[in-house]
Amino acid sequence: MIKKLLIANRGEIACRIIRTARDMGVATVAVYSDADAKALHVRYADEAVHIGPSPAAESYLVGEKIIAAAKDTGAEAIHPGYGFLSENADFAQAVIDAGLIWVGPKPDSIRAMGLKDAAKQLMMDAGVPVTPGYLGEDQSVERLKKEADAIGYPVLIKAVAGGGGKGMRKVDAPENFEADLESCKREAKASFSNDEVLLEKWITSPRHIEVQVFGDSHGNVVHLFERDCSLQRRHQKVIEEAPAPGMDEATREDICAAAVRAAKAVDYEGAGTIEFIADASEGLRADRIFFMEMNTRLQVEHPVTEEITGVDLVEWQLRVASGEPIPLKQEELSINGWAIEARLYAEDPAKGFLPSTGRLEVFVLEGDRIETGVAQGDQISPFYDPMIAKIVVHAENREQAILELTSACADTCVWPVATNATFLACCLVHSEFKSGAITTGFIAANEQLLTDYSPMRQALTNTVGAAIRVREQPRGGFLAPNFRLNEEKRTLAYADIGDGPQPFDIAAPLGNTSVASFEVSDGFVLVDKGQSLHVRTAVRGTGQASAADGAILAPMPGKVIAVDVAEGDIVTAGQRLMVLEAMKMEHALTAPFDGTVTELNASEGGQVQVEAVLCVVEPDPE
């Protein structure tokens, strides 16, 4: 058995691997970039090695640094997690050539599944059903157009080296084909340095079904049943579940057997996933489920498979990489109950899913199983994937699992970083999702409904308005939760709602309400159904994206593109003070109340760090 393991990854998957390694008595080594110097996976591991600057291209994607870190610390093996270098055959080979154990499939297996056209031909030879289409060597526009006409529209153009939704175009009519082909090839060239494409028949009612497979060095391959990952946004999975709703035993047996044949065709070792596209226009049928691609690594959604089978897939990975056979035979594996996973992203669905960064002042999650790489007080940086947690539930049946996950998402309390918690809850309660009949187009068709949170925000505002009253006491009002203000009679508070802060009078605690409240440095935060409302005290004044004492803070790292005031200027509530550009979005910082600019630390064109004090507004005396 491996004695010391280096995890060539970060975030929740690094923490997930470390947890199992620790349970098995395996020592762990983390690697980290500048941005992750204080990250949870670094604190959690037995050792940690710095591997470079914050951009992944200069740290997590530099294989030489990772191998050197393993050798320097005496690690015997490298686990790549998912993403980054996990499906890089050259890196896998370099690890092996360095005399280390690669916790993953053979490099040749990765290469065999790396190009979609070659993989598709391999699957056809192995008797695995594939989507009707064209994957020939002739890449001329004329030939591709002719094949598309023969397949029939709509048709899908797909980059042979693609992934993550890049290099894909749906073409609805012949007159659009050449323009879409040119666009697809251009994107594929830029993303993968390979502009070759294949064509597939567009499935009109597509569901994304995938099968977890596992192989060892002794020739054994098993499946651990299927997952449904149909709830996607722009080809990125959002909610996954196991088993797949509507899957009968005969169809399950056929698709899982096909997945095992696919894995055996590439002499597969370790954890892998065979992804299928299903034409669900007449329900799930074996003759309408087609091979799409293979992911030669552990999947983000692997916890739902673990929950229904009782298997620790990371433990299996470490055992198989150490030369042991798969711990269980196929007949010893079975489905127990239902599991659903929701991916919690640091993003704002109400603002076009723009990513959100900053310090997690409040980070409280509910659920049977939480997989995360951050803790309260940690910083969300702009350098990496915005997924900050996976919320997983396991129940006796699908209806109960939906109910429990909906509750967990609604009870999510994260602030000031925005999340998609409300979006997730809205998806889960939608009748189409509950019916189990959703397709991969569900979110796109219902996005406006799923991202309109105005009723929830208004309800939360009404709760505050009903609860906050002036209470005349010798030492002032009482501010939930248990926060006393040093004012003689009354103090104003500001709740961030919509485009600017709204004033309220502070009074007693909220009392009997389901709304959660958390004390923060400049007031308190109310959270309900994933929506948060920040109520700030105005002892010296606060502003949007500000701290106490009237200091206007930068909500995230960025560039100041406009400054509208100077020191000594008199400003009114809501007046724009400056504009910050961050993560490709402009943020207007405004005056929270009438007052005077007493300090200005920002200039046009200057770069600022998160929570930097940009200016200070002193309120007018009462």
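This is a predicted model: local features need pLDDT of at least 70, side-chain atom pairs count only at pLDDT 80 or more; totals for chains, interfaces and linings use all residues.
1. Parallel sheet. Five strands make up an open sheet with parallel pairing, and their order is β3-β2-β1-β4-β5. The edge positions are held by β3 (47–52) and β5 (101–102); each has a single partner strand, so one side of each is left without a neighbour in the sheet. Helix α3 (residues 63–73) packs on this sheet, where it touches β1, β2, β3 and β4 (77–79). The direction of α3 makes about 150° with that of β3.

2. Strand β1 and its neighbours. β1 runs parallel to strand β2 (residues 27–33) and is joined to it by four bridges. On the β4 side, three bridges join β1 to β4, and these two strands also run parallel. Lysine 4 stands opposite alanine 27 in β2. Isoleucine 7 has a bridge partner in β2, alanine 30, and one in β4, histidine 79.

3. Side chains of β1. Which way do the residues of β1 point? Lys4 and Leu6 point one way from the strand, while Leu5 and Ile7 point the other way. All four names in that list are buried, the lysine included. From β1 the chain crosses through α1 to β2, and this β-α-β crossover is right-handed.

4. Asparagine 9. This residue is found in the loop between β1 (4–7) and α1 (11–23). Is asparagine 9 buried or exposed? Its relative accessibility is 3%, and the cut-off for buried is under 20%, so asparagine 9 counts as buried. The side chain of asparagine 9 reaches the backbone oxygen of tyrosine 82 at 2.8 Å.

5. Surroundings of asparagine 9. Leaving aside residues up to four places away in sequence, asparagine 9 touches Ala14, Val31, His41, Tyr60, Pro80, Gly81, Tyr82, Gly83 and Phe84. Alanine 30 is 21 residues from asparagine 9 in sequence, and the C-alpha to C-alpha distance between them is 7.8 Å. Alanine 30 is the residue already named as the β2 bridge partner of isoleucine 7.

6. Antiparallel sheet. A sheet of eight strands is also open, but its pairing is antiparallel; the order is β14-β13-β10-β11-β12-β15-β22-β20. β14 (289–295) and β20 (369–372) stand at its edges with a single partner strand each, so one side of each has no neighbour in the sheet. From one strand to the next the twist averages 25°.

7. Inside the antiparallel sheet. Strand β11 (residues 221–233) is joined by four bridges to strand β12 (residues 236–242), and the two run antiparallel. Leucine 231 has isoleucine 239 as its bridge partner in β12. Helix α9 (residues 249–265) lies across β10, β11, β13 (270–279) and β14, and runs at about 105° to β11.

8. Aromatic pairs. How many aromatic pairs does a search of the whole structure find? The search finds six. In one of them, the ring centres of phenylalanine 214 and tryptophan 316 are 5.3 Å apart and the planes are at 90°, so the pair is edge-to-face. Phenylalanine 214 lies in strand β10 (residues 206–215) and tryptophan 316 in helix α11 (residues 313–321), so the pair ties together parts that are 102 residues apart in sequence. Phenylalanine 214 is buried at a relative accessible area of 0%, and tryptophan 316 counts as buried at 4%.

9. Phenylalanine 383 is partly exposed, with a relative accessible area of 43%, whereas tyrosine 384 counts as buried at 12%.

10. Helix α13. Eight of the nine residues of α13 (residues 421–429) are buried, so the helix is largely enclosed by the rest of the structure. The buried residues are Ala421, Thr422, Phe423, Leu424, Ala425, Cys426, Cys427 and Leu428.

How values were computed. Residues are numbered from 1 along each chain as its sequence is written. Side-chain values use heavy atoms; hydrogens and water are left out. Buried means under 20% relative accessible area, exposed over 50%, partly exposed in between (1.4 Å probe, protein chains only). Contact means heavy atoms within 4.5 Å. A polar contact is a pair of N or O atoms within 3.5 Å; within protein, one must be able to donate a hydrogen and the other to accept it, and residues adjacent in sequence count only if both atoms are side-chain atoms. Two strands pair if DSSP finds at least two bridges between them. Axes are lines fitted to C-alpha atoms, for helices over the stretch in contact, and angles run from 0 to 180 degrees between N-to-C directions. A crossover is right-handed if, with the strands pointing away from the viewer, the path from the first strand over the helix to the second runs clockwise. Rings of Phe, Tyr and Trp (its six-membered ring) pair if their centres lie within 6.5 Å; planes under 30 degrees apart count as stacked, over 60 as edge-to-face and the rest as tilted.
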